[in-house]
Amino acid sequence: MTADEHNGTPRALTPAPSYDLTGKVCFMAGGTSGINQRIAERFATAGAKVFVMSRKPEKVEATVALLREAGAESDGQAADVRDYQAIEAAVEACADRWGPLDMVLAGQAGNFPAGAAQMSANAFKSVIDIDLLGTFNVFRAAIHRCRRPGAVFLTISAPQATRPYPYQSHVCAAKAGVNMLVKCLAMEWGPVGVRVNGISPGPIDGTEGMDRLAPNEKMRETYRKQLALRTFGDRDDIADAALWLCSGGADYVTGTILEVEGGTTLGDASS
Ligand code: HXC
């Protein structure tokens, strides 16, 4: 027992928040590779039932098998985030099976380096459609089947949302839109007890995004030297942040983009 700071009455110390997700239902778009698959694993080991959705059926099957082998309850369905009806069908399948969604993750992403003067309009549109419209589609399809109050919506943004990069105009524009979408939806859905947040991962080793943006050791070294922390992140860094944002420890956090990026947006720290 300790004394209450206001009135001096004895009280117990406050407990640390629990990261136990036992029985919670998690719907994940893009949960079958890279960062998102690690988040799926983290949520599963914390006790959640995890439903994954991505474009390729074989990747969905592989992730469901991985999670089931580890003892988790898991299922999935293939759908493209650009196909609203297909997402709705996946959300229905998840909610019909396990009940209202407690966590909704829109983690899908599309990216390739390309100069704006060379990129086709369709190339630009593809990234906007996957990253920005795709996040809207997943969240819009899930809002009517989620737990209220209590659901947590999460998307994966990027440093490109706030820091301009050459050859990334499509991603910068899309992710800036994602950040603003998070804030608008947090305002609209907060009153019914739904939190909406994002994570902005920096360079995360071993991901397709990193392989595309820094495909050789020379580029990796240049990139690393610019980072305040002088090292790339790993998938666990993002999974841990996602777990916290979806836990009761973050139950007063909404409309936030949590930067887990080793100082990327601080600027070039090489000098
Ligand atoms: C220029 C390109 C291109 C490239 C595709 N296009 N790749 N243009 N340079 N390297 C053009 C195509 O020619 C086409 O335009 C249009 O983009 C659509 O291409 P499709 O292949 O038909 O589309 P689709 O199959 O839907 O593929 C979408 C995609 C693709 C985004 C283009 O790369 C993809 O599926 N990516 C998903 C995986 C991914 O990108 N992971 C990395 C995410 S990492 P035309 O005019 O010919 O029709 C990330 C985080 C980065 O986002 C942050 C790191 C710090």
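A residue is called buried here if 20 or more other C-beta atoms, placed from the backbone, lie within 10 Å of its own, exposed at 12 or fewer, and partly exposed in between. Please keep in mind that this is a predicted model: local features need pLDDT of at least 70, side-chain atom pairs count only at pLDDT 80 or more, and totals for chains, interfaces and linings use all residues. Residues are numbered from 1 along each chain as its sequence is written.

**View 1. Helix 5 and its covering.** Helices (H or I, at least four residues) and strands (E, at least two) are DSSP runs, numbered from the N terminus. Among the buried residues of helix 5 are His170, Cys172, Lys175, Leu181 and Trp189. Their cover includes helix 4, strand 7 (152-156), strand 8 and strand 9.

**View 2**

**View 3. Strand 9 beside strand 8.** Strand 8 (residues 195-201) runs parallel to strand 9, joined by four bridges; strands pair if DSSP finds at least two bridges between them. Gly198 has Ile257 of strand 9 as its bridge partner.

**View 4. Around the ligand.** The ligand is surrounded by 18 residues, each with its C-beta atom, placed from the backbone, within 6 Å of it. Gly110, Asn111, Ser120, Ala123 and Gly209 are the closest. Helix 4 (121-143) gives the largest share of this shell, five residues.

How values were computed:
Contact = placed C-beta atoms within 7 Å.
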